[in-house]
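This report describes a protein chain from its overall dimensions down to individual backbone features. Please consult the sequence and the structure shown below while reading.

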Amino acid sequence: MLKGKHIILGITGGIAAYKSVSLLRLLVKAGAEVQVVITPAGKEFITPVTLSALSGKPVISEFFTANTGQWNSHVDIGLWADAMVIAPATASTIGKMANGVADNMLVTTYLSAKAPVFIAPAMDLDMMAHPSTTRNLATLRSWGNHIIEPATGELASHLMGRGRMEEPERIVEVLDRFFDTKDTLKGKKILITAGPTHEKIDPVRFIGNYSSGKMGYAIAEEAAARGAEVTLVSGPVEIAPRHESITLVKVESALEMLAACEEHFDSSDWAVMCAAVADYRPEHSASSKIKRGDKGDPMELRLVANPDIAATLGKRKRSGQLIAGFALETDNETDNAIGKLNRKNLDMIVLNSLRDKGAGFRTDTNKVSIITRGGERTDYPLKSKTEVASDILDTLLKL
Ligand code: C5P
């Protein structure tokens, strides 16, 4: 997918700059045309001669080429690019990008670039964990920039921790996948539920569950990145959507989630039911805080069943609409999942097991099997939730 693509490779002053040489080689090998833009500090780590030899283009670092006086137009380069990738991205460059400090050619080019931007941070673990870096990365993310998360491992300081720049092969894979899946969901409207529901007991207490919303939010981000218009109906979670094509509808209880889904389902092409909806709610929620009894007597809470949102939408589904559900099982996994698929009139179900390490609630990874209505089953290895999101959307596209 990178053949003929115009890529700006931004290199900053970090030890990981040596990996940029491999990245450049891989991009060129994949058929991309690469323009290297390097910061002054970057040149302390790696020479422009190597980079221009490999890219077949003069490396740009200064606003002017010293001996000819030729002006390097950051605007032209920014418009020329199909993508910009900054690898390694130091804490300093990330800070400048997030705050518009355009004191070098790389940040100036970034501010002019219309193309999607990929940022591969590389720094020591404490710099990576600093609130300043966290905030700046969150800012860049909120503008739609793609952060290629650093790996955990041995760092240049010989300390172990998070901050290793992602390997060049992986970065090329991310870019390749971006161009491969770009616009594959253009024109599609997708309704996604995510997170837990909170079922009120009294003004200060609720029945909830451990769902973090990460899986549903990952699906929403991936779908939006592929061009879909997403309505994300979310229970209470600590994360927020980043992509501008995601409309967030915040709800608390299963009844509120159902109402929001009923409102948006008819205009949606697909629905992905990822929320961990409480099966029961207190029959009555007290209007004032329930007091503790003097004698320590047991307290009774009568629960009534919540509506099944997926099944309700399944009944309303018209031809052409698709619904994907999730099944988090502890035993009899396959049978239970297929039972849900049929009972709720779904088109596919994503099965994850609490038995698998790294799968299910609160993790950044998941290990799933996807079973389609036709009975076809695919077992996937442990992957990041973003990659799992991509597999789910690919399956829906096939259906
Ligand atoms: O039956 P179970 O809760 O295991 O089914 C899980 C699937 O059904 C998930 O896709 C979940 O989002 C959906 N569900 C729902 N409404 C409920 C319960 C589950 O939409 N009340």
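## Basis of the model

This is a predicted model, in which local features need pLDDT of at least 70 and side-chain atom pairs count only at pLDDT 80 or more, while totals for chains, interfaces and linings use all residues. Residues are numbered from 1 along each chain as its sequence is written, and side-chain values use heavy atoms, with hydrogens and water left out.

## Overall architecture

The chain contains 13 helices and 21 strands, defined as DSSP runs (helices: H or I, at least four residues; strands: E, at least two) numbered from the N terminus. Along the principal axes, its C-alpha atoms fill a box of roughly 85 × 55 × 35 Å. Of the 399 residues, 48% are buried (buried: under 20% relative accessible area; exposed: over 50%; partly exposed: in between; 1.4 Å probe, protein chains only).

Contacts (heavy atoms within 4.5 Å) between residues at least 6 apart in sequence join residues at least 24 apart in 67% of cases.

## Two domains

The domain assignment gives domain 1 (6-180) and domain 2 (189-398), with bounds taken from an automatic or database domain assignment. Their C-alpha centres lie 37 Å apart. Four residues of domain 1 are in contact with five residues of domain 2.

The size of an interface is often given as the accessible area lost when the parts come together. Here, the two domains bury about 420 Å² between them, with 46% of it on carbon and sulfur atoms; this is the accessible area (1.4 Å probe) that two parts lose on being put together, summed over both.

## Local backbone features

Most residues other than glycine have a negative phi, and most peptide bonds are trans. The peptide bond from alanine 87 to proline 88 is cis, with omega near 0°, and proline 88 lies in strand E3 (residues 83-89).

Asparagine 332 has a positive phi of about 50°. It occupies the loop between strand E16 (322-329) and helix H12 (333-343) and is exposed, at 55% relative accessibility. Asparagine 345, in the loop between H12 and strand E17 (348-353), has a positive phi near 60° and is partly exposed, with a relative accessible area of 28%.
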